[in-house]
Amino acid sequence: MKAFFRGLGAVGLLLLAGALWYVVAGHTTAVVAGESMRPAYAPGDRVFLERVEPGEVRRGDVVLHASPGWYGGMPAVRRVIGVGGDRVAQRPGEPVTVNGKPLEEPYVKDGDPSGAGAPEYDVTVPEGRLFLLGDHRANSMDSRYFLDDRSGTAAQEEVRARALDDRSHLYGAGLTALLGLVLVGGALATEIAGRRRLPVG
């Protein structure tokens, strides 16, 4: 019986370690510093992000990226509007278009997809690169202001992580860690109880 509980304890340790590794190695957080991502994220908000491979980034993703020459090399949170091969364009006061189709953007602040005084642009995103915009278009330094640098695009490899919309797998990791903790605790309790029952000579 003792061996059985020790086995459960070992399984519990594996579950606990695996769940913790999954969360720590596969995820990170960032604190929003400016107004560029309102209303989704306000200054001081902590964004929970998952680490992704460059090819996993999609249009609409909110990403943490660090591009040399942008923001002094400091990481920033922006939304992916265009990926390699996309033609992204906008005229002041009009919606952003991607490949000639108006982009639905319910996330932009005050329903304003351009922002007063923002430059007009019409760019084709090079392969392996991304066109990035903030959600608060009137107060965001983004791809529009780096058009002389590869059409204002950032390399996919400069993306460090992607904001999580669905956290269900994290809850699953938490439940796995909790189960592991219960198994380890049960095994320890059984071991301690067994030692207390040992006869004293």
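The following legends describe an overview and several close-up views of a predicted model.

In this predicted model, local features need pLDDT of at least 70 and side-chain atom pairs count only at pLDDT 80 or more, while totals for chains, interfaces and linings use all residues. Residues are numbered from 1 along each chain as its sequence is written, and side-chain values use heavy atoms, with hydrogens and water left out.

**Figure 1. Overview of the chain, with two helices and eleven strands.** Helices (H or I, at least four residues) and strands (E, at least two) are DSSP runs, numbered from the N terminus. Along the sequence, the elements follow the pattern α-β-β-β-β-β-β-β-β-β-β-β-α. Of the 201 residues in the chain, 40% are buried (under 20% relative accessible area; exposed is over 50% and partly exposed is in between, with a 1.4 Å probe and protein chains only). Among contacts (heavy atoms within 4.5 Å) with a separation of 6 or more, 64% are between residues 24 or more positions apart.

**Figure 2. Arginine 78, a buried residue without a salt bridge.** Arginine 78 belongs to strand 4, which spans residues 76-82. A salt bridge requires a side-chain nitrogen of Lys or Arg within 4 Å of a carboxyl oxygen of Asp or Glu. Lys and Arg count as positive and Asp and Glu as negative, whereas His and the chain ends are not counted. The nearest side chain of opposite charge to arginine 78 is aspartate 142, 5.1 Å away. The side chain of arginine 78 does reach the backbone oxygen of methionine 141, at 3.0 Å.

**Figure 3. The aromatic pair of tyrosine 71 and phenylalanine 146.** Rings of Phe, Tyr and Trp (its six-membered ring) pair if their centres lie within 6.5 Å; planes under 30 degrees apart count as stacked, over 60 as edge-to-face and the rest as tilted. The count by this rule is four aromatic pairs. The ring centres of tyrosine 71 and phenylalanine 146 are 6.0 Å apart and their planes lie at 90°, so this pair is edge-to-face. Tyrosine 71 lies in the loop between strand 3 (62-65) and strand 4, and phenylalanine 146 in the loop between strand 9 (129-133) and strand 10 (153-155), 75 residues apart. Tyrosine 71 is partly exposed because its relative accessibility is 24%; phenylalanine 146, at 16%, counts as buried.

**Figure 4. The tilted pair of tyrosine 121 and phenylalanine 131.** The two rings are 5.2 Å apart from centre to centre, with 35° between the planes. Tyrosine 121 is in strand 8 (residues 121-124) and phenylalanine 131 in strand 9, ten residues apart. Both tyrosine 121 and phenylalanine 131 are buried.

How values were computed
Polar contact = N/O pair within 3.5 Å; in protein donor to acceptor, adjacent residues only side chain to side chain.
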